[in-house]
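Hi,

Here is the structure I said I'd pass on. Have a look, and my notes follow below.

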2 protein chains.
Amino acid sequence: MKEVVIGFLGCGNVGGGVWELLKGFAPEIAHRDHVSIRVKRVLVRDVTKARSCSVPPELLTTDPADVLYDPEISLVAEFMGGEQPATEYMLTAMKNGKTVVTANKVAVALNWHRLQAAAQQSRVGLYYEASVCGAIPIISTLMTPLQANRIDKLMGIINGTTNYILSRMYQYGEDYDLVLRDAQKLGLAEPNPASDVEGMDAAYKLSVMASLAFHARVPFKQVYREGITRVTAMDIACGKEMGYVLKLLAIAKRDGSTIEVRVHPTFLPKDHPLSRVDGSFNAVYLHGHACKEMMLQGRGAGDMPTASAVVGDILQAATAEVHVHPTFANTAEPDASLTFTDNWKTRFFIRVSASDAPGVLARVAGCFARENVSIATMMQKDAVEDGRVPLIFITHAAPEQSMQAALRHLEPEICRLESVIRVEA
Amino acid sequence: MKEVVIGFLGCGNVGGGVWELLKGFAPEIAHRDHVSIRVKRVLVRDVTKARSCSVPPELLTTDPADVLYDPEISLVAEFMGGEQPATEYMLTAMKNGKTVVTANKVAVALNWHRLQAAAQQSRVGLYYEASVCGAIPIISTLMTPLQANRIDKLMGIINGTTNYILSRMYQYGEDYDLVLRDAQKLGLAEPNPASDVEGMDAAYKLSVMASLAFHARVPFKQVYREGITRVTAMDIACGKEMGYVLKLLAIAKRDGSTIEVRVHPTFLPKDHPLSRVDGSFNAVYLHGHACKEMMLQGRGAGDMPTASAVVGDILQAATAEVHVHPTFANTAEPDASLTFTDNWKTRFFIRVSASDAPGVLARVAGCFARENVSIATMMQKDAVEDGRVPLIFITHAAPEQSMQAALRHLEPEICRLESVIRVEA
């Protein structure tokens with residue numbers, strides 16, 4: 001039987017999950033794949049820290065060289081997270097002839113080209129299914145069964161924390177701050193939730209998925225990003241009344257050589273397949289010229305779902321005779337032939353607080369008309385407060401810049417802008 | 001640039017779609033994968049038949065040897081359908097050193113072990129993503145990213161024709177015969193619809209998926225099968241009233257060494273993810289011990305979605321340095337260590353037509369009680385006809401055999417059995 005000796009970089013939740021999954025699944029792996037997998041060393045920051053997983057203490061080390069330079073170790077699995085030192089460790093491991101399996105979206109999004117070049121140079125494998133959306137097989141699906149598609153649209157709910165928060169706000173009408181605090185108590189949001197609620201986490205994942213979908217480098221820095229911190233219970237309630245559900249969507253579209261990539265709160269019609277993806281579930285919806293509409297839904301985070309993807313990669317790496325390196329473009333900068341636009345066309349949900357006086361609606365509507373933004377639906381709530389009433393407009397698709405220009409025409413004394421939320425179909 | 005020369009076996013809808021997709025996508029393939037793909041010969045039954053695709057007539061042949069024995073052809077793509085002669089042709093092609101890509105569920109379900117042995121012997125590839133559920137990447141997902149899972153449950157809506165029929169019956173209360181005739185007019189059902197409406201099509205696909213999910217041979221003949229031909233508008237309406245949607249489900253479950261595989265009309269709670277998969281969409285829902293719940297949804301049929309999967313396989317085969325052969329069990333007969341049960345535990349929807357007389361309900365309920373089948377919900381419609389009223393029971397989970405025994409206790413003169421439909425959650 002072939003023995004594959006592994007080193008871990010990191011042993012937090014995901015590393016612990018991978019350890020338990022490998023241990024519990026070893027007999028099946030041996031029986032089915034004729035491979036015995038042995039974890040030899042586990043790099044941690046502090047060997048004395050209490051751990052919930054059953055890694056024997058004698059495997060732990062704080063010296064990265066024990067993993068990266070051990071000639072017996074042929075595969076390194078990385079779950080440290082963050083760009084550095086994870087990237088440098090992976091590069092060193094590959095230079096030393098070790099295949100790398102990583103669950104690190106930041107390192108893959110920012111340094112993919114360097115990692116891939118190192119893998120090709122050393123003729124080792126580089127596997128990263130776990131880096132995006134946990135157990136959902138989006139990386140392998142984009143890389144293999146969908147490779148004969150021109151994908152023009154990919155939209156995902158790819159952050160469980162924000163989806164939990166928005167689902168609860170939608171369902172119970174609760175306020176953002178309250179739900180965030182609850183999510184933190186339940187361990188569904190970090191003590192510092194910025195990376196999730198500001199959309200960074202989703203933007204890293206979108207950069208990786210859009211690169212694969214479009215066969216082109218879509219750098220993280222090109223992703224427009226707007227978080228959910230300013231979302232109000234009132235916007236969600238108004239949208240709900242009009243048949244829309246609010247989600248933090250990661251959106252990538254391609255039209256010829258023009259690409260748009262953006263992460264922001266988005267209203268979706270309530271019968272859209274993504275509208276029903278609630279709580280901590282993740283899902284990626286896409287459209288290709290041959291496959292048509294497709295959606296993959298599942299657990300995008302959590303120790304065992306992420307470990308499922310990591311161990312899937314470990315088994316693939318351990319049984320591969322040759323490691324496959326994708327050949328599509330993947331350089332540090334976007335291809336010169338591509339244009340990234342921030343003037344996308346989309347529909348808009350606009351909430352304003354307007355003076356309750358004759359002629360005001362005409363003047364507000366006039367601001368949109370001046371920029372050729374056409375109104376699809378309007379709702380006026382009869383709740384007058386301080387002489388002002390809430391007005392909600394949903395527009396037809398309009399260029400982002402026209403919309404921003406129209407909003408600048410609003411006269412604050414008669415019409416205060418409260419919210420601008422993009423709407424997708 | 002590497003040139004890969006291909007022969008087609010068959011040129012119907014799928015073959016035509018593959019031709020068009022390869023033709024339109026050739027520049028991308030050449031640019032990205034450094035592979036040029038040339039279709040040299042296309043086996044058809046009748047070269048004079050009019051075709052909607054643009055295959056040049058000089059490529060057509062009625063002699064299988066022109067494809068199977070041409071030394072220049074290194075890859076054979078099969079879309080003939082049916083067990084024979086497709087299986088023999090594929091075996092011959094592989095014996096002659098050609099890699100095979102197939103969209104043929106029947107051949108894969110019935111002769112997978114022979115096909116795989118031939119591929120291993122000749123060290124060629126065997127690819128069959130397109131054989132199950134069109135563009136939905138269920139084969140590659142089960143084979144690679146999910147391989148570190150003990151999958152205990154897989155449920156799919158994997159036949160578009162029956163899902164179209166049942167969706168319309170649910171939505172509009174229409175009768176089976178009427179919707180079937182419409183579906184035939186629209187090209188969504190075959191002139192002879194038996195393979196779809198009797199569940200054969202779904203059973204072939206389930207056999208393939210369950211084999212991969214359980215890493216064990218699940219022969220087609222083990223799949224219990226019940227079609228949708230006896231489904232009535234009344235059952236669908238009663239189920240709808242009680243919060244259930246009727247689907248033709250393909251279900252595979254594993255509990256230790258016990259396996260159940262069945263295709264039958266099934267009521268699902270209306271908030272189940274599969275309940276919202278309507279019309280000609282397909283979806284596969286599964287649960288694994290590490291990945292947890294997952295659902296893949298998309299176009300399970302149609303020329304371009306199926307061609308998407310075929311060309312994905314062709315590109316994988318064309319760029320592979322080594323073809324991977326799965327090592328898990330895949331023999332002609334089920335493993336001796338497995339038990340196939342037909343005494344599964346499930347909930348039941350029972351509709352009877354009972355005498356409108358005192359004591360009848362007690363006697364009917366008594367029949368269930370005698371077999372320890374417990375009632376969860378009961379609905380009595382007050383529409384009396386010929387002195388009889390419809391009674392609907394939904395039971396708690398009970399073994400199939402207990403349920404069948406209970407139904408045999410019903411006294412036909414006071415209680416006529418109208419429908420028995422299984423319920424899943």
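Let me begin with one residue pair: A:M295 has B:Q297 as its bridge partner in strand 12 of chain B. Strands count as paired if DSSP finds at least two bridges between them; helices (H or I, at least four residues) and strands (E, at least two) are DSSP runs, numbered from the N terminus.

Some housekeeping: this is a predicted model, where local features need pLDDT of at least 70 and side-chain atom pairs count only at pLDDT 80 or more, while totals for chains, interfaces and linings use all residues. Residues are numbered from 1 along each chain as its sequence is written, and chains are lettered from A and ligands numbered from 1 in the order in which they are written.

On to the contact (C-beta atoms, placed from the backbone, within 7 Å). Chain B and chain A put in 44 residues each. On chain B's side, helix 1 (13-33), helix 5 (138-143), strand 12 (292-299) and helix 11 (303-319) each give two or more residues, and helix 11 of chain B gives the most, 9. The copies meet through the same surface, because 100% of the interface residues of chain B are also interface residues in chain A.

As for symmetry, a rotation of 180° with 0.0 Å of shift along its axis puts chain B on chain A at RMSD 0.0 Å (least squares on C-alpha atoms of residues with pLDDT of at least 70 in both). That is how a two-fold axis relates copies. In chain B, the C-alpha of B:L296 is nearest the axis, at 2.3 Å.

Cheers

Terms used
Two residues are in contact if their C-beta atoms, placed from the backbone, lie within 7 Å.
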